[in-house]
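Hello,

Here is the model for your files. Notes on a helix pair and a sheet follow below it.

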Amino acid sequence: MSVAKLLIVEDDEGLCGQYRWAFPGLKPIITHRRAQALAALAKERPGVVVLDLGLPPDPDGVSEGFATLEEILRAAPATKVILATGANERENALRAVAAGAYDFYEKPIDIAVLRGIIDRAMRLYELEAENKRLAEAAAQSPLPRIITAAEPMLKICRDIEKLATANVPVLLLGESGTGKEALARALHDLGPRAKGPFIALNCGAIPENLLESELFGHERGAFTGAVKQTIGKIEMAHLGTLFLDEIGDLPHPLQVKLLRVLQDQVVERIGGRQRIQVDVRIVSATNQGIEAEVAAGRFRGDLFYRLNSVTLRIPPLRAREGDAVLLARYFLHRFNGEFHRNVRGLSEAAVAALAAHDWPGNVRELENRVKRAVVMNETRLIEPVDLELAEPVSASSDDGEPCLDLRAARSRAEREVIERALARSGGNLSHAAQLLGVSRTTLYGLLRTHGLDASLPDGAAQDITENR
């Protein structure tokens, strides 16, 4: 496992010697000047940079430090830069944060405080890098519009690729929200009919008295209100693909007419006598137990066997291990752009909640939960409460012992200490920051990270999501 890299830009040799051994678990890369720092940045690609503002040739000023900050952020925008400033240089520190620095700390150095700042910066960097990697992996998914890394779904994708070039009817079976229409589109897009139309019709969403006209079309005057000739969906799909969703809801009389289309590729509009030849591939889908419907006589057996030359059973989201988190990160990235938000990612608790949820509404439910969370989120990270999911009981190992995940333990301990400091200070942030040994700006960042709000009448912190 590679060790996370920490780039330090500092001209004080004594401080550099202290830094060299102060950060166990990290690989410190020590540089003294701007050129050295930029060369190390390009070669080592560190996640976090600790930068002294007073660098030669302007050790008593800040011009060289700000120039270095600007070039680091231009070369590696995702890098988290932490500024070292003098005790009375708050204006420069705030200016640096406004210019893109992650945080700052004041000299003289308190290593424990600096470690905490670096640890949070490194976690955020790794989280953003993981989100970016997963977003890119999603873009390279085996099928368009299908985001998966689970083997059962990858097998379906491989089957779709094989079937795309075969001009046979395909029946997709699966729960609502599992992506049946996306798979039907993939069948169309990857096959020889890709340049033709893809026409989708939900048989369960249209009243029975209108469904026949939707499918087959009608001539002018065929019935009351038929003031003009209308082309049906089957005819519209000529040389392309017709996707019939919820085919199990198709009324019995229309099943007979659809069977004829499958057998002869011929359509007759309502009120018309002309036989219209069509060339249509039919892909159908249902979330019902259609075999039971056939056995009960509610769905024609001959039509069923015509529709299911090949049947694909789409696994529900709960059976696709890891896909809930993968899809959540994909949707987060998408909705960040769509709604102009800057939510950084999912907290560890949110990841656990996503993995533990049963997802009765499958991908559609997940998409809606993430959309709501992105729109309503008031902190850097999405928490289980943002997704309206229960936070799982703290994880245990196989032998029943508490989970020994250090990051989760640190996060819980950090939040508890912050809450106690806020309570002891009566909600006074300056006093709380002093108790915690951090700057006020750092404390603001911690409050956002943990979803805490100190602006209460009694000064106690509470989860800001409780009042949403």
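The axes of helix 8 (residues 208-216) and helix 10 (residues 252-264) come within 11 Å and cross at roughly 10 degrees. Axes here are lines fitted to C-alpha atoms, for helices over the stretch in contact, with angles from 0 to 180 degrees between N-to-C directions; helices (H or I, at least four residues) and strands (E, at least two) are DSSP runs, numbered from the N terminus. Helix 8 is therefore roughly parallel to helix 10 (angles under 35 degrees count as such). L211, E212, L215 and F216 of helix 8 make the contact with L254, K257, L258 and V261 of helix 10 (heavy atoms within 4.5 Å). Of these residues, six are nonpolar, none polar and two charged (Ala, Val, Leu, Ile, Met, Phe, Trp, Tyr, Cys and Pro count as nonpolar, Asp, Glu, Lys and Arg as charged, and the others, Gly among them, as polar).

This is a predicted model, in which local features need pLDDT of at least 70 and side-chain atom pairs count only at pLDDT 80 or more, while totals for chains, interfaces and linings use all residues. Residues are numbered from 1 along each chain as its sequence is written, and side-chain values use heavy atoms, leaving out hydrogens and water.

The sheet is open, with five strands in the order 7-10-13-6-14 and parallel pairing (two strands pair if DSSP finds at least two bridges between them). Strand 7 (198-202) and strand 14 (310-313) are at the edges with a single partner strand each, so one side of each has no neighbour in the sheet. Strand 7 pairs with strand 10 (residues 241-245) in the parallel sense over five bridges; A200 has F243 in strand 10 as its bridge partner.

Regards

Methods: Parallel < 35°, antiparallel > 145°, perpendicular 65-115°, else oblique.
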